[in-house]
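Here is a short report for a reader new to this structure.

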Amino acid sequence: MKKRTVIPLAAACMLLTGVWAGWPVLKALPDLFNFMSSFTVTVHNHSDYDIVSVETGIRSGDTRDTFTQEIPSGKTVKITPDLSFVGEGAIYLKYTDSRKETKEVTVCGYTESVSGSSELTIRNDDTALEQECY
C-alpha cells in the first residue's frame with residue numbers, strides 16, 4: 001500500500017473511532033442545551049377546537065405570562081414563557097378553547113431554574129404530557 005493511501009485511511013479510521021467513542025456525549029448535547037436554556041412548552045392542539053387563550057405561570061408565586069396567539073385546531077406552537085422565580089416550583093399552563101372551556105395542566109412538575117422543555121398534546125377529552133424540565 002502506498003504512503004498516500006495509508007495516511008488518509010488511518011485518519012478516517014481514527015475519526016470514526018472518535019465519533020463512535022464519543023457518541024454518548026454527542027447524544028446528550030441537546031439535554032445539556034435544554035438545561036441551560038429558558039423553559040419552552042410545545043403545544044400540539046389535536047382537539048376539534050381552537051385554543052384562544054394560554055397563560056403560563058409558577059404555581060407558588062405571582063409570576064405568569066400570557067401567550068397572545070390563537071392555536072388553531074390541528075396546529076402546533078412552541079411557547080417560551082417569560083417566567084422567573086427563586087427557589088423551587090412547578091409551572092402550570094392554563095388554556096381556554098373556543099367553547100370558553102378552561103383547563104389547567106402542570107407542564108413542569110418541579111423546577112429550580114425554569115429551564116428545559118415540555119410537550120403538551122391537547123385532545124378533546126384529555127391531555128398528554130412529556131416533560132424534561134430542570
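## Sheet and disulfide

Four strands form an open sheet in the order β3-β2-β5-β6, with antiparallel pairing. Its edge strands are β3 (64-67) and β6 (102-111), and each pairs on one side only. On average, neighbouring strands of this sheet are turned by 15° against each other, direction ignored.

This is a predicted model: local features need pLDDT of at least 70, side-chain atom pairs count only at pLDDT 80 or more, and totals for chains, interfaces and linings use all residues. Residues are numbered from 1 along each chain as its sequence is written, and side-chain values use heavy atoms, with hydrogens and water left out.

Strands (E, at least two residues) are DSSP runs, numbered from the N terminus. Two strands pair if DSSP finds at least two bridges between them. Angles run from 0 to 180 degrees between N-to-C directions, and axes are lines fitted to C-alpha atoms.

Strands β2 and β5 run antiparallel, joined by seven bridges. Val54 has Tyr95 in β5 as its bridge partner.

| Strand | Residues |
|---|---|
| β2 | residues 51-58 |
| β5 | residues 89-97 |
| β8 | residues 127-133 |

The structure holds one disulfide (a pair of cysteine sulfur atoms within 2.5 Å). Cys108 and Cys133 form it, with their sulfur atoms 2.2 Å apart. The pair links distant parts of the chain: Cys108 lies in strand β6 and Cys133 in strand β8, 25 residues apart. The torsion about their S-S bond is about 110°, so the disulfide of Cys108 and Cys133 is right-handed. Both Cys108 and Cys133 are buried (under 20% relative accessible area, with a 1.4 Å probe and protein chains only).

Terms used:
Buried < 20%, exposed > 50% of the residue type's maximum accessible area, 1.4 Å probe, protein only.
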